Amino acid sequence: MEERTSGTIFSPRSLAFRVIAFSTGWAILALIVISTVISTLYRQASERGFDSLLSAHLFNLIGSVGVSPSGLLTGSPNLGDLRFSEPSSGWYYSVEPVSGDLTGQVRSASMTQPIPSPPISEVPFNAQFQRSYQIDGLAGEELTVIESEFVLDSENRIARFRVMGNRTELENEISAFERQLFTYLVIFGLGMVAINALAILLGLRPLNRVRNALAMVREGHAQRLDGHFPAEIEPLANETNALIENNRRIVERSRTQVGNLAHSLKTPLAVLTNEGRALGGSRGTLIAEQATAMRDQLDHYLRRARMAAQRDSVVYRTPVRPLVERLVRVIEKLGRMKIALNLPAEEIVFAGEREDLEEIIGNLLENAMKWAKGQVAVTTALAPPGADGQRRFTIAIEDDGPGIPEDKAREALKRGKRLDETKPGTGLGLAIVAELVNEYGGNLSLQGSELGGLRAVVELRSVQ
C-alpha cells in the first residue's frame, strides 16, 4: 500500500518542520557563537604574539647597538628575520640619536627611506620609557611601532630605538584564518543540519506508520493497528485498537437491536394489515393503510439508523463494476431494452454496503427504464477528491425520455412526489436515492441528458 500523506514537512503545521527548524536555528546560532569566540581568541593570540615578537626584536636591537668614544652609533644588528633585509617588506628597525653629543644612525636594509614618528606630545612614553603606535609604511602597509629611549654609556648619551612590524600582514593572516574557519564551520553546519534532519525524520517515521495503519482501518483493509511500534507510541496504538474494538462492539450491538426491533414490530404490523383488510369497509381500509404506512416508515428509519451506526466507523467495501453489470442484466431482462454501459478499466470500490449501492443504482435504473423511449446509458468514473481529501467516483444514469425541467428537479426528490400521475409508481424512488446518498455524504444532481431526457449523477466516496 502506498504511503499516504496529508501534508508536507515544509508546512509550518508539520511537527517535523518545527523540530527541524528549531534545531537548525539553534545550530546556526551555536555556530555563529563558536565562530565569533574562536576568531576572537585567535586574533587576541596573534596580536599578543605579534607584540611579543616586536618586543623581542626591540631588546635584541638594543643589545646589538653601542656608541664609539667619539659619540658615533655603532653596531650590526642581526635580529634573525630575513624580512628586515628585504626592501619595503614592512619590517624595519632604526636607531637614532636623541642626545646632542651623539651622531650617526643605524637602520635595517629594508628601510630604504626614513619613516617619521609622531611627536611625543601626541604619543607619550610610558613609565618604562616605551611607546607604541601605528603609522603607514613605505609601501602603503600599516605598521605597528614599538619605540624606546635607552641610555647607551656612562656619559648618559641617549638613543631612540624603533622596531616596526607589518600590521597589514598580520590582519591578512587573521582574515585568511577567519575565511577558512567560516568555510569549515559552514560545511560542518550543513552536515550537522542534514544529519539532524535525517535523524528527526527517521525518528518520526513510526507516526507515519500509525497514520497509514489508521487509514487502512478506515478504508476497510484492516480491522486494527498492526505492527511493532516504539515504546513511546505503542500505548497510543493500544488505546486506538481498544477504541476501534469498542466502536465495533457498539455498532454491532446497535445493528442487533435495530434488527430485533424490526423483527418484533413487523409481525404485529402484518397482523394489523391483515385484520384491516379482513374487516373491510372504510375503517378496515384506514387500518390497513396506516399499518402499511407504519411499516414503510419503520423500514425507512431503521435503514437510516443502520447507516448512521456504520458511517464513519469501519468502512465497507463494495466493488462497483460487478454490481452494476449484474443490475443492468436484470433490468434489461425486465424492461426488454438494451442499456449502454461505459465502465472504466480501473477498479472502483464503493465505501459502503452492497445493499445500499444496489438500492441507489436500482432505483435510478428503474426510473430511467420507466421514462426512456429506447435508450438508457450507465457511466461510472473516478472523480477528483472532495474538500475532505477523500477519493470519489460518479455514477451517471441517463435516458432519452421527456426529462425533468430544471425548476421541477427539487420537487422530484421529495418523498411521495410524482410529477406525472399517468405513470405507475409511488414517487419514492428518487427520494430514497437522495436520502441514501445524503447519508453517505455524497451528492445527487438531476441534469439534462445529451440523449434528450434526464441525467441523474450520483457522487459517492470510494476506497483505494
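How much space lies in the largest cavity? The answer is about 40 Å³. The model is predicted, so local features need pLDDT of at least 70 and side-chain atom pairs count only at pLDDT 80 or more, while totals for chains, interfaces and linings use all residues. Residues are numbered from 1 along each chain as its sequence is written, and side-chain values use heavy atoms, with hydrogens and water left out.

Rolling a probe the size of a water molecule over the atoms shows where empty space is left. A cavity is a set of points, on a 1 Å grid over the protein atoms alone, where a 1.4 Å probe fits but cannot get out; lining residues have an atom within 4 Å of a point. Grid points are joined across faces, edges and corners, and a volume is the space filled by probe spheres set on the points. Two cavities of 30 Å³ or more are present in the structure.

Around the largest cavity stand Leu364, Asn367, Ala368, Ile397, Asp399, Leu454 and Ala456. This lining divides into five nonpolar residues, one polar and one charged. Helix α6 (354-371) gives the most, with three residues, and α6, β12 (392-399) and β14 (454-463) each supply at least two. Helices (H or I, at least four residues) and strands (E, at least two) are DSSP runs, numbered from the N terminus.

Elsewhere, strands pair if DSSP finds at least two bridges between them. Strand β3 (residues 92-97) runs antiparallel to β7 (residues 158-166), joined by six bridges, and Pro97 stands opposite Ala159 in β7. Two bridges join β3 to β4 (residues 106-107), also antiparallel; here Ser94 stands opposite Arg107.

Note on methods:
1 Å grid on protein atoms, 1.4 Å probe; cavity = no way out; pocket = protein on both sides within 12 Å on 5 of 7 lines; lining within 4 Å. Nonpolar A, V, L, I, M, F, W, Y, C, P; charged D, E, K, R; others polar.
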